[in-house]
Amino acid sequence: MRPSLRKQEERYMRISDQYMLRQVADEYLVIPVGEAALKVKGLIALSESGSLLYRKLQSGCTETELVDALLQEYAVDRPTAEADTRVFLEQMRRMGILIGE
């Protein structure tokens, strides 16, 4: 059994200024700008829940705050919200989008 996020050390993180979120019709797109545009080719599509997490990260937050945002917005249990948040953060880390971990 995994320990609750509340018991783990909290890390404050945010989205790099090198990425912008835009909504086009019913799609959410992350657009690299500046130097990131030279490294990342193309756009990054996000789901609605992914865009919620991304928007929270734009102003900076902890992993627990992201989980809580999912719980407030969607009918999902805490273990599912925690797992989904971990997957999202790992994807953002791999792309170099997160700062301050």
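Author: The crossing of α2 and α4 is right-handed, where right-handed means that the near helix is turned clockwise from the far one by less than a right angle, and left-handed that it is turned anticlockwise. This is a predicted model, in which local features need pLDDT of at least 70 and side-chain atom pairs count only at pLDDT 80 or more, while totals for chains, interfaces and linings use all residues. Residues are numbered from 1 along each chain as its sequence is written, and side-chain values use heavy atoms, with hydrogens and water left out.

Reader: At what angle do α2 and α4 pack, and how far apart are their axes?

Author: Two packed helices are described by the angle between their axes and the distance between the axes. Here α2 and α4 pack at about 65°, with their axes 11 Å apart; axes are lines fitted to C-alpha atoms, for helices over the stretch in contact, and angles run from 0 to 180 degrees between N-to-C directions. Helices (H or I, at least four residues) and strands (E, at least two) are DSSP runs, numbered from the N terminus.

Reader: Which residues in α2 meet which residues in α4?

Author: From α2 come G50, L53, Y54 and L57, and they meet T85, F88, L89 and M92 in α4, contact being heavy atoms within 4.5 Å. By class, this contact of α2 with α4 has six nonpolar, two polar and no charged residues; Ala, Val, Leu, Ile, Met, Phe, Trp, Tyr, Cys and Pro count as nonpolar, Asp, Glu, Lys and Arg as charged, and the others, Gly among them, as polar.

Reader: Which residues of α3 are buried, and against what do they pack?

Author: In α3 (residues 63-73), the buried residues are E63, T64, L66, V67, A69 and L70, where buried means under 20% relative accessible area, exposed over 50%, and partly exposed in between (1.4 Å probe, protein chains only). They pack against α2 (48-59) and α4 (78-94).

Reader: What is the order of the strands in the sheet?

Author: Strands of a sheet pair through backbone hydrogen bonds, either parallel or antiparallel. This open sheet of three strands has the order β2-β3-β4, with antiparallel pairing, and its edge strands, β2 and β4 (44-46), each pair on one side only. Two strands pair if DSSP finds at least two bridges between them; β2 (residues 19-24) and β3 (residues 27-32) have six bridges, and L21 stands opposite V30 in β3. Helix α2 lies across β2, β3 and β4, running at about 140° to β2.

Reader: What is the phi of A25?

Author: Most residues other than glycine have a negative phi, and most peptide bonds are trans. A25 has a positive phi of about 60° although it is not a glycine, and its place is in the loop between β2 and β3. A25 counts as exposed, because its relative accessibility is 67%.
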